[in-house]
Amino acid sequence: MARIADVIRTTLGMSDCSITAGDRDQAGGLAGLQPTGIPPAGAPIHTILMPLSVQGRVVGLLTARNATPVRLDASQRRFLDAISYYAALAADRVRLVAEAE
């Protein structure tokens, strides 16, 4: 999942990006966070918090940060939406492998 985070960071020009696998309690206290989701096109942002979910179940959290505001265009927003789906699948696979061991 670190590779996915690196691709997101470099593609969107963010200074930091991480993906945390786990349910709401395991993924860094997801229950207390207010997800920002994908901001509107052109809106300046410093931080994106996206819960990663598979079949309605939260399996992780994607966090992207930048010191200065960045503006995502429509194609970057579509990219973020698509890649967060694959990150959710990866986080869920981590859970499934851990359960099988």
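**View 1. The exposed and buried residues of helix H1.** On one side of helix H1, Ala 2, Arg 3 and Thr 10 are exposed, where exposed means over 50% relative accessible area, buried under 20%, and partly exposed in between, using a 1.4 Å probe and protein chains only. Helix H1 covers residues 2-12, and its buried residues are Ile 4, Ala 5, Ile 8 and Leu 12. Seen down the axis of H1, these buried residues fall within an arc of 100°, so they line one face of the helix; the arc is that of the directions from the helix axis to the C-beta atoms. The cover over the buried residues of H1 includes strand E1 (16-21), strand E3 (57-71) and helix H2. After H1 comes Gly 13, with a positive phi near 75°.

**View 2. The whole protein chain.** This is a predicted model, in which local features need pLDDT of at least 70 and side-chain atom pairs count only at pLDDT 80 or more, while totals for chains, interfaces and linings use all residues. Residues are numbered from 1 along each chain as its sequence is written, and side-chain values use heavy atoms, with hydrogens and water left out. The protein chain has 2 helices and 3 strands, in the order α-β-β-β-α from the N terminus. Helices (H or I, at least four residues) and strands (E, at least two) are DSSP runs, numbered from the N terminus. Of the 101 residues, 35% count as buried. Among contacts (heavy atoms within 4.5 Å) with a separation of 6 or more, 63% are between residues 24 or more positions apart. The chain exposes about 5,800 Å², of which carbon and sulfur atoms supply 53%; accessible areas come from the Shrake-Rupley method with a 1.4 Å probe, and for residues only the protein chains shown count as cover.

**View 3. Gln 76 and its contacts.** Gln 76 is found in helix H2. Gln 76 counts as buried because its relative accessibility is 18%. Leaving aside neighbours within four places in sequence, Gln 76 is in contact with Thr 11, Leu 12 and Arg 71. Gln 76 and Leu 12 are 64 residues apart along the chain, yet their C-alpha atoms are separated by 6.8 Å.

**View 4. Asp 92 and its contacts.** Asp 92 lies in helix H2, which spans residues 74-100. With a relative accessibility of 10%, Asp 92 counts as buried. Not counting residues up to four places away in sequence, Asp 92 touches Val 54, Arg 57 and Val 59. The side chains of Asp 92 and Arg 95 are joined by a polar contact of 2.9 Å. A polar contact is a pair of N or O atoms within 3.5 Å; within protein, one must be able to donate a hydrogen and the other to accept it, and residues adjacent in sequence count only if both atoms are side-chain atoms.
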